[in-house]
Amino acid sequence: MSCPPEAPLLEVRNLAKAFPIRRTALQTLRCTRRRAIHALNGVSLTVRRGETLGIVGESGCGKSTLARCLVRLIEADAGTIRYDGVDVRQLAGPERRAFNRRVQLIFQDPYSSLNPRMTVRQTLAEALAVHRLRPSREIPNRIAELLALVYLPRDALDRYPHEFSGGQRQRIGIARALSVEPECLIADELVSALDVSVQAQVINLLLELQDRLHLTVLFVAHDLRLVRHISHRVAVMYLGRIVEHDRTDRLFREPRHPYTQALLGAAPELDPTRRSRTAAVRGELPSPVEIPAGCPFHPRCPHAFEVCRSQRPELDRRRGGGWVACHLAMAPTPPTTL
Amino acid sequence: MRAAALESRAVGRLRRQVRAPLITGALIIGLSLVLAALPGWFAPYDPLAFDYAALLQPPSLAHPFGTDNFGRDILSRVIWGYRLDMQIAFFGTVFPILFGCLIGALVGYYGGWPDVVFGRVVDAVITFPFLVLVIAIVAVLGPGLINMYIAVGVVGWVFYARLLRAEIRIQKQQDYASAGKVMGYGDARIILRHLLPNAITPVLVFWMTDMALVILLGSSLGYLGLGAQPPAAEWGVLIADGKNFMSTAWWISIFPGLAIVLTGLGFSLIGDGIADLLRPQR
Amino acid sequence: MTAARDPVPLALEIRGLTTSFATAEGVVRAVDGIDLELRTGEVLGLVGESGSGKSVALRSLVRLVRAPGRIEGQALWLGRDLIAMPEADLLEVRGKEIAMIFQEPMTALNPVLTVRQQIDENLKAHTGLGRAERARRAIELLDLVGIPSAAERLNDYPHQFSGGMRQRVMIAIALASEPRLLLADEPTTALDVTIQDQILKLLLELRDRLGMSVILVTHDLGVVAQTCDRVAVMYAGRIMEVGPVVELFRNPRHAYTWGLLGSIPGAGAVRQPLRSIEGTPPSLADLPPGCAFAPRCAFVTDACRQGRPALVAVGPDHRSACVHHDRVARSDPAA
């Protein structure tokens, strides 16, 4: 890679993670093959400082596992994660805690992501105290600042999570993440559990915070419209791999990978005059326990040919920019339009 | 709000009316503690004093609970029994709950081979009826309250540990626990500050029930002569004192029995009240 | 009501449907006096956020609401009032003429019975077919909903199917006795996008083939745009606006609909703040007098607080319960 003007903030290479499935005693005796959920199968991506990278995919694609591996909530099996040049997977002790300050994760479920027995004040003060971010007399001020950042009223401080709505709880979660002054925020389905009219509020807040605090954001979601709206670049995941990533406008205008095309075709459009009667893609989502050989999408792909069944395509740079992992898209003859 | 929420709010109205049990239980136990602390103030007679002039008297104004075959006033003996039996309730549960919670929290949080070993220990202990185990240990160590505390301690912690382990495992799955890890908090802080307060409610409720059960256990052992030793005024011993007089002087055994029932009821009501009070709200 | 004579017959006419619950804070109306018409063969969408009452309304139609809930009003199905009908008659209609599918197939399907047994149950209850015919019909149904190797899969249990397949099984069971009306309560909310797409297209195809009418409850406006012919927007148990989908999306005439359409990221300016609706959906125990949406409305005036606005005609077959529907019509396009 040529020397870019700005080195990437986050660099992931060939990350892999499998969750073994416990075998019964009978299966062990019979020496049946060990099975595992192959959540991540060689994920590579880069994120530049200050940008928003959207990560989309459906169930089983591994996007949540990826988010959790990046903050080391889950330990990956193989691959490297470099944050600002440092290998994150090797960190321990105080260095690891320092890393926790720089990269934070916001969770999907507003109902379980806050400790029900701690008030907002206690939740925020704990973060400040553990990381010794402020001397104790300045903590109340800092807490007030954090509340203001997320547009929560002062009287929220001494209330418990169950007294707030879902949208407000997500704001508290954001405030908690911001209390350690991170550089990078990973949002794992930030608004999926919220009502539509509330989603916009929280998204607007995220955009504002990103501008104000110069944050880098990884936005993991299944809602394509949302991802399109806030991301600079988008990566599409399928069965533990990135199948395509590109600048947002290019990806949505000219998706190259058949799965991306299917995903965009399947997402219900808001224009009732544009309807199609055929489904965008056939077949079921295969289980991450039994990943098809070759290209994992080939059983459902309308364009699959011989090599797709046997050889796994790697991410390759396409003409005009962007990366795609597809034999067809990278074929020397122009692919058929879909 | 969804229909399910509406239906549960209708039930909530019922629940508020049921606060009465907590208050009743608290009153009963409060009274018990007062009697346990200051038995001399309330007991009209010396519990150990014989009175040959008043043997086997039925309940009367002079002796509201009657007297036994040595002329000892039953009311005074029952009141003095509060001291011993409340002690039994406390000392019979304090080690199990502390040690049990320690082990339960650790194996619940860390899992791994200690959890497997713990599982087998639990299996071994619950195979035997609790009373039989305790009696066996006391038989080896010799009768007396201290030995009873040891026996209960050695066996009883397992139940608390099992309960807390299950709750800790559930709380560990919640996102707020993961959030704590991502925030860089150490394991000790996560277990003590985050998981434990959310996991402890069933343990506290069980503790209340357990206190009632331990009193029963102590009384059973007292009755068998393996716990408190006569002439101590312990309710089980009192019941044993009257066992030969059940048809002629029922009051010797019945009143201590009622005291056990009442105290047990008090603890149960508090347990229910705690469960209601600390029920997590959404 | 529109003056035009409607040539398509009405399958279902709902008048003043109200479902209330007694709670500690007083009587709460999850569904508050709604009026709706469903034409034969059309797909009517019921869209709203949580607490809007859309699911409760659907269940109230076939009296699937547990006590202490009370249902009042009329639901005229082919001339007969479902709400007033005696229980025995309702049991005849439910499952046979009117079928329902739910959001979570794993809880809607019985996990200890095979698919064959569950389809059979419906067929036995509502048709007079003999055993061999029932078996044939079961395979036919699984084929109809697009389950491959139908004959082999008949003897599988629900947990052996994937999410999308289970939803298809649920549809197959619902269709067993050829219902005239299908009630769908968020049937694709729990499914992935590509599977949701397949199921929705399947529902439309079945509607065409079998001539069913469908009421589809959802919170996703995209689903409404792609599947429904007409849509009713619900908020706080009331209908805010109802009309043809194309018309409503192009020309929303209620402040709430307008706000909703504006808050969804469209193809517009990327990374710009979305137009959001302030506040949160109200508690049904604590509704303001007048329009339920007034506390959050960008167009609110005092007139909005004087009594609940009635549904008035704002276009052919298009009704809105907004005092300021003219101002909404003149505002920026929604999407």
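How many residues of chain C are in contact with chain A?

1. Basis of the note. This is a predicted model, in which local features need pLDDT of at least 70 and side-chain atom pairs count only at pLDDT 80 or more, whereas totals for chains, interfaces and linings use all residues. Residues are numbered from 1 along each chain as its sequence is written, while chains are lettered from A and ligands numbered from 1 in the order in which they are written.

2. Interface of chains C and A. In chain C, 39 residues are in contact with 38 residues of chain A (contact: C-beta atoms, placed from the backbone, within 7 Å). On the side of chain C that touches chain A, the elements giving two or more residues are helices H7 (163-175), H8 (193-210), H9 (221-227), H10 (245-250) and H11 (255-263) of chain C. Helices here are DSSP runs of H or I of at least four residues, and strands are runs of E of at least two, numbered from the N terminus. H8(C) provides the largest share, seven residues. By class, this side of chain C holds 19 nonpolar, 13 polar and seven charged residues; Ala, Val, Leu, Ile, Met, Phe, Trp, Tyr, Cys and Pro count as nonpolar, Asp, Glu, Lys and Arg as charged, and the others, Gly among them, as polar.

3. Strand S10 of chain C. Six of the seven residues of S10(C) (residues 238-244) are buried, so this strand is largely enclosed by the rest of the structure. A residue is buried if 20 or more other C-beta atoms lie within 10 Å of its own, exposed if 12 or fewer, and partly exposed in between, with C-beta atoms placed from the backbone. S10(C) runs antiparallel to strand S9 (residues 230-235) of chain C, to which six bridges join it; strands pair if DSSP finds at least two bridges between them. Arg230(C) has Pro244(C) as its bridge partner in S10(C). The hairpin of S9(C) and S10(C) has two residues between the strands, and Ala236(C) there takes a positive phi near 50 degrees. S10(C) also pairs in the antiparallel sense with strand S12 (residues 318-320) of chain C, over two bridges, and Val242(C) has Arg319(C) as its bridge partner in S12(C).

4. Helix packing in chain B. Helix H9 (residues 187-224) and helix H11 (residues 251-277) of chain B pack at an angle of about 175 degrees, with axes 8 Å apart. Axes are lines fitted to C-alpha atoms, for helices over the stretch in contact, and angles run from 0 to 180 degrees between N-to-C directions. H9(B) and H11(B) are therefore roughly antiparallel (an angle over 145 degrees). The residues of this contact comprise twelve nonpolar, seven polar and no charged.

5. Nonpolar core. The largest nonpolar core has 169 residues, of which Ile186(A), Leu218(A), Val236(A), Tyr160(B) and Leu164(B) touch the most other members. Such a core is a set of buried Ala, Val, Leu, Ile, Met, Phe, Trp, Tyr and Cys residues joined through C-beta atoms within 7 Å. H9(B) gives the most to this core, with 18 residues.

6. Backbone points to inspect. A cis peptide bond, with omega about 10 degrees, joins Pro230(B) and Pro231(B). Glu181(A), which is not a glycine, has a positive phi of about 60 degrees and counts as partly exposed, with 14 C-beta neighbours inside 10 Å. His214(A), also not a glycine, has a positive phi of about 55 degrees and counts as exposed, with 10 such neighbours.

Methods
Two residues are in contact if their C-beta atoms, placed from the backbone, lie within 7 Å. Angles under 35 degrees count as roughly parallel, over 145 as roughly antiparallel, 65 to 115 as roughly perpendicular and the rest as oblique.
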